[in-house]
Amino acid sequence: MYKDVSLTEHLQKYFGFDRFKGKQEAAIKNVLEGKNTFVLMPTGGGKSLIYQLPALLMDGTAIIISPLIALMKNQVDAIRGFGTEDNIAHFLNSSLSKAAVHQVKEDVTNGKTKLLYVAPESLTKEENIEFLNKIKISLFAIDEAHCISEWGHDFRPEYRRIRPIVNEIGGDAPIVALTATATAKVQHDIKKNLGIINAKLFKESFNRANLYYEVKPKVKTETQIIRFISENTGKSGIIYCLSRKKVEELAATLQVNNIKALPYHAGMDAATRSGNQDKFLMEEVDVIVATIAFGMGIDKPDVRFVIHYDIPKSLEGYYQETGRAGRDGGEGKCVTFYSYKDIQKLEKFMHGKPVAEQEIGRQLLLDTVSYAESALCRRIILLHYFGEKYQTENCGNCDNCLNPKEQLDATNEIVIGLNAILEVNEKYKAEHITDILTGKNTAAIKSFKHNELKHFGIGHEHDEKYWNAVFRQSMIAGLISKDIENYGLLKMTKKGHEFLAKPKTFMLVRNHDYEEDIESQSGAPAGAISGDPELFAMLKDLRKRNAKKLNLPPFVLFQDPSLADMSIQYPISLEELQKIQGVGPGKAKRYGKSFIELIKTYVDENEIERPQDLVVKSVANKSKLKVFIIQSIDRKISFEDIANAKGLEVKDVISEVEAIVHSGTKLNIDYYIDDVLDEDHQEDIFEYFREAEDDSISSAIEELGEDEYSEEDIRLIRVKFFSDLGN
Ligand code: ADP
Ligand code: MG
Ligand code: ZN
């Protein structure tokens, strides 16, 4: 009892706090008893104190390993700020001068320094090891310990070399590992690598009750974001994009739409970057558009929304980034835009990396996909990912809980799924077992002879998404788990065996189908960006009649997304029509008149208020590359030369040209087409498009024959076709 009182006294004396937070005190006692300690608490939980206070009370110097030089300096300043002698804490890293290093070593040797912060790469230096060998060490603290694991979102190879050095210099000093993100897999890696399997765990809940989670189909994302921000004017927000290029583009788009936004990414020069960060912190701008380089160590308490323009690479990253919203406990909206295409892009980026790394990356992505596509409570899934069971059925603060999907009895399918896991002796991952159930003859299936299994093809009436939901929800119900050593292999739990022995009704929530949503929304607007379905139908009808009169396929006049946009924006003049997606001045003039007349009558008759404030201005077309291409084509430069000048391939140039023409700009590329295709071939393709059902390239190749016509030929003529007739 006496001891407890004195600990609180020490807390007050050194840090000025009245009482411990959460599990701080229990963890500190464990350290003081000289035992290895594992601390899992969310950011802001007060982890530092768990090694700082023992360090001040114990004999010798504590070695604190921390990954970032900048964070290290902050930490030392913070400790000194509590009013102790300056030399009580020091750091040792590559930023110090020789003289400074000398001073640090002297203070440590004289016993004045109780906390020594060391970067992992400094720890492994021979001269430092020699020095540390001579001093008494009270404890080792490994901050941001998830850096040890390749399965963490922030892997640092140097972190793997900590244990051997501790063995050399540590004597019997206890190890304290601390992190704010750790899945079961990462936890296991940390304990194993540091050799502290026996460490006592001190864990606090990762639930952030005030955060609202939502995943939306990635369609008309800019419009959705601009609308969202205008509904939240004056509030601070972060928008994360995967690429620096997207960061720049989106920031520019927001700016021309009168939103106070600035970009932030590691490719910018340091002064501009930190200037932009300061403007965000000082609230001179509302929105920062950033890569994930933004946020580490940034503590703005009143960020009201975090938008993911692109899906993050892992759920850990997602949790970290969304975690920057609502740190003061107030509103925090977390909206993510999801399209499976982005996942494929991320997979492509992984090509060329070491195989093991690819495998890890792919598994992490799969967990992200499951999260995004699931119609279960987001909070339940997220917390389950961190090994936590969220007790309530409906959190009331995520899209899936606010709009629950229908549930269906899937007891039989769960039984089938579990039995399939058993049939392959619990040695395969969910995707492989899904392939077995749906009867896919993949190379892997054949090589294991799994097409001869009892379960092969037994579940073919359901698709992959369905079986994905079966496994994901069995996991959340605790019937199965993912193996830790061989991450991803599905294992039965005791509960799973009990279920098989005596199945109980199991209600399954079907997954979302965002791809379907994306298609239906770019055709007829629905959902978040609700257009006017009646007007859309009328516009389609008018397009059909006009096309017939002109003897052209309807898509030449306006494509579906343009009509959809019209049914949102209600343009009633040619100027307004030009601002519609995919419509330029040429197209507006040539085909627009009857459309704006129809819309005007419709607006008048139905007394519609037009959303003139929400015309999203685009800057994408003004990209330097596009301007360069337009100018080069005016000067009749060959596509090969254009490609060479920009380090591209011809097919990339064609893609850019397509985008330019698609956004409504007229381009004359006859000079180039005449160069590469004779007249007959040109005519054949052109005539094909006149009669075609749609403008798809694959249908064109099928119809025209790929021996005679290359994809590039067809695409070139399609550009000409749109440019001549459409714009
Ligand atoms: P973490 O490393 O878990 O993200 P920190 O150790 O940086 O968290 O602490 C977060 C904040 O909480 C700091 O400002 C710290 O001073 C404060 N803090 C820590 N312990 C207490 C306590 N017992 N009472 C009040 N504030 C505390
Ligand atoms: Mg910390
Ligand atoms: Zn929920």
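## Zinc site, salt bridges and a buried serine

At 14% relative accessibility, D435 counts as buried (buried is under 20% relative accessible area, exposed over 50%, partly exposed in between, with a 1.4 Å probe and protein chains only). This is a predicted model: local features need pLDDT of at least 70, side-chain atom pairs count only at pLDDT 80 or more, and totals for chains, interfaces and linings use all residues. Residues are numbered from 1 along each chain as its sequence is written, chains are lettered from A and ligands numbered from 1 in the order in which they are written, and side-chain values use heavy atoms, leaving out hydrogens and water.

**Salt bridges**

- The whole structure holds 37 salt bridges (a side-chain nitrogen of Lys or Arg within 4 Å of a carboxyl oxygen of Asp or Glu).
- D435 pairs with K440 at 3.8 Å, N to O. K440 is partly exposed, with a relative accessible area of 35%.
- Shared partners join K218, D310, D342 and K345 into one salt-bridge network.
- R304 and D328 meet at 2.6 Å, N to O. R304 lies in strand β12 (303-308) and D328 in the loop between α13 (315-322) and β13 (332-338), so the bridge ties together parts 24 residues apart in sequence. Helices (H or I, at least four residues) and strands (E, at least two) are DSSP runs, numbered from the N terminus.
- R304 is buried at 16% relative accessible area, while D328 is partly exposed at 42%.
- K482 bridges to D367, with the closest N and O atoms 2.8 Å apart. K482 sits in strand β15 (480-482) and D367 in helix α15, 115 residues apart. D367 is buried, at 3% relative accessible area.

**Zinc ion (ligand 3)**

- Its protein donors are the SG atoms of C377, C395, C398 and C401, 2.3 to 2.4 Å away (donors are N, O and S atoms within 2.8 Å of the metal, or 3.2 Å for Na, K and Ca).
- Angles among the four donor atoms run from 101 to 119°, and the site is tetrahedral (for four donors, all angles between 85 and 135 degrees).
- Along the chain, the donor spacing is C-x17-C-x2-C-x2-C.
- C377 and C398 are both buried.

**S138**

- S138 belongs to strand β5 (residues 137-142). S138 is buried, with a relative accessible area of 4%.
- The S138 side chain reaches the backbone nitrogen of A62 at 3.2 Å.
- Beyond neighbours within four places in sequence, S138 contacts M58, D59, G60, T61, A62, A173 and P174 (contact means heavy atoms within 4.5 Å).

Key:
Four donors count as tetrahedral if all angles lie between 85 and 135 degrees; four count as square planar and six as octahedral if opposite donors are over 155 degrees apart and all others between 65 and 115; anything else is irregular. A polar contact is a pair of N or O atoms within 3.5 Å; within protein, one must be able to donate a hydrogen and the other to accept it, and residues adjacent in sequence count only if both atoms are side-chain atoms.
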